[in-house]
Amino acid sequence: MVVTLLLISLLAFLAFQIVPGDPTSKLLGNDYTPERAQALRHEMGLDRNVFVRYWDWLTGFVTGDMGVSYNYGMGVDKVMEGKGAVTAALSLMAWLTVIAVSVPLGITLARFQGGRLDRVCVAMNQVFMAIPPFFLGILFTYVFGLVLKLFVPGGFISPKESFWGFLGYLIFPALAIAIPKAAMVTKLLRSSIIGQMGQDYVRTAYSRGNSRWSVIRGHVLRNAVLPVVTFLAMTLADIVAGSIIVEQVFALPGLGRLLLASIGNRDYPVVQCIVVIIAFIVVFMNYLADVVTQYIDPRIRLG
Amino acid sequence: MKLRHNKNFTAGAIITAFMLAVILIGLVWTPYDPNAMDGSAKMLSPRLSHPLGTDNFGRDILSRVIEGAGATFLIAAATVAIGLIAGLVLGGLTGYFGGWLDECLMRLNDALAAFPSILLALVLIALFGSGKYKIILALGLLFIPSFARVVRAEVARQKSLDYVASARLMGAGHMRILFLHILPNIIPVLLPAVAIGFNNAVLAEASMSYLSVGVQPPDASLGRMLNEAQGYLLSAPWYALGAGAAIILLILGFGLLSEGLGGEHGAS
């Protein structure tokens, strides 16, 4: 895991070193002279070896000194202050919604496989999977924001003002992210359970007089849930990335908006930092999925 | 033909064929000129003369959606083509020859695959800049790993089969075996991968253009239209609905096709 993290941070760092364009020309603006640029480059340490700078940046990153934003002239950690919380809360809400919807639904559909409910839901699932989250966000803005006036489009309450108000403004963005993902997880769980139903141990369980429901609950679920756990971990990573777009739809001041603004301004220290943070979350979630999988199925040993 | 009894494939084929037909017709004829402004017909709700209504400049939305769908589809096709060709070469060579290069590339592949694609696309766009051709390049690069992985796995499986051994006995060279003998045999596995590639490419293009880091005006695309439409959500909701419905139909069609093909060939 540590090797992967180092590799990703090195790639993210190098990627932004080969970008054409010199940050000093933007920083100096009209005061640009070659001498001043040279002095500034020296001051910023840009004239040193790439790997020395990577090491400095990495040690800084780990100790909480994340570099200075070109655009705002202050520490990246200051620029990001409060924004991480918005993205984290939004992603977590969306993820919990995915689990809360898809786990019971997937199990129910598998239990009544081939029934009317199952057939309707499977067809609807296909459609929901095809809806891009940002379009769902726009639909929600129109229906719940403009027509039903349940929230003010573009509005936002900071968690310091009112924590519940803050969460309230995240409900619809979270739903917009969660619904397509929930459709995917439901589908996976359903087909995973149905796939297990043909196994020998299921026949044995039936022959001991279990009903379909008690076979699923007592025997199948533990086996069927393994691929879903891995997928859920990947889903959280996707959700964090997906919130970049949905934050834009609902004008939420989170990391995603900051990332987009920083890409527009070529504010690379900020971009680099956000990318590495999200990468770390992704790698960590995958690791966590391995641990949970191992806990559910003790036969699996981590290499 | 088992395909005929495959509901996913049938539904996907119908939807995709419909969208492609609309796009093809749009190349030569649209109800109105997509860019013609009509001051006397601003923000009209859907009606017989304008089935999807008009926008803030009095432009016919149906015509614009058709044009945007064509642009989105072309970008997706170019993206998939880059990913597929590079993936075929990389995956084919690494799967056939193996060795340390294979190890290295697959490690890199794993690292990239674990990454959310939106984030990678944004990083590439931050590096390249935005615009129609840059987004094709960025998304194309992004799609290489997934194709390379599919091709590599299948080539590695096929190369131990008897027909490869017999071709080798007949004196065929490595490149001949790889591209003339093995390649046609991996097509059944490639088809669903291509369909899912289109699915992802349409979504990625629409997302990037919606964020205004993809296609820039005056180039059209469905994502850009949604971005514009959001500003007129209250006065002209049909604008967003028309563009959004076109995106959903494209994604749904390719998604169903991929599933139909995948179910057919036992691959996922």
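I began with chain A and found that 30 Å separate the centres of its domain 1 and domain 2, taken over C-alpha atoms, with the domain bounds coming from an automatic or database domain assignment. This is a predicted model, in which local features need pLDDT of at least 70, side-chain atom pairs count only at pLDDT 80 or more, and totals for chains, interfaces and linings use all residues. Residues are numbered from 1 along each chain as its sequence is written, while chains are lettered from A and ligands numbered from 1 in the order in which they are written.

I then looked up the contact between the two domains, which takes 16 residues from domain 1 of chain A and 17 residues from domain 2 of chain A; residues are in contact if their C-beta atoms, placed from the backbone, lie within 7 Å. On the side of domain 1 that touches domain 2, α13(A) gives the most, with ten residues (helices are DSSP runs of H or I, at least four residues, numbered from the N terminus).

Between A:R203 and A:L232 I found 29 residues in sequence and 29 Å in space, C-alpha to C-alpha.

Last, I checked B:A121 and, leaving aside its neighbours within four places in sequence, found it in contact with B:A138, B:L139, B:L142, B:A204 and B:M208.

Terms used
Helix = DSSP H or I, 4+ residues; strand = E, 2+ residues; numbered from the N terminus.
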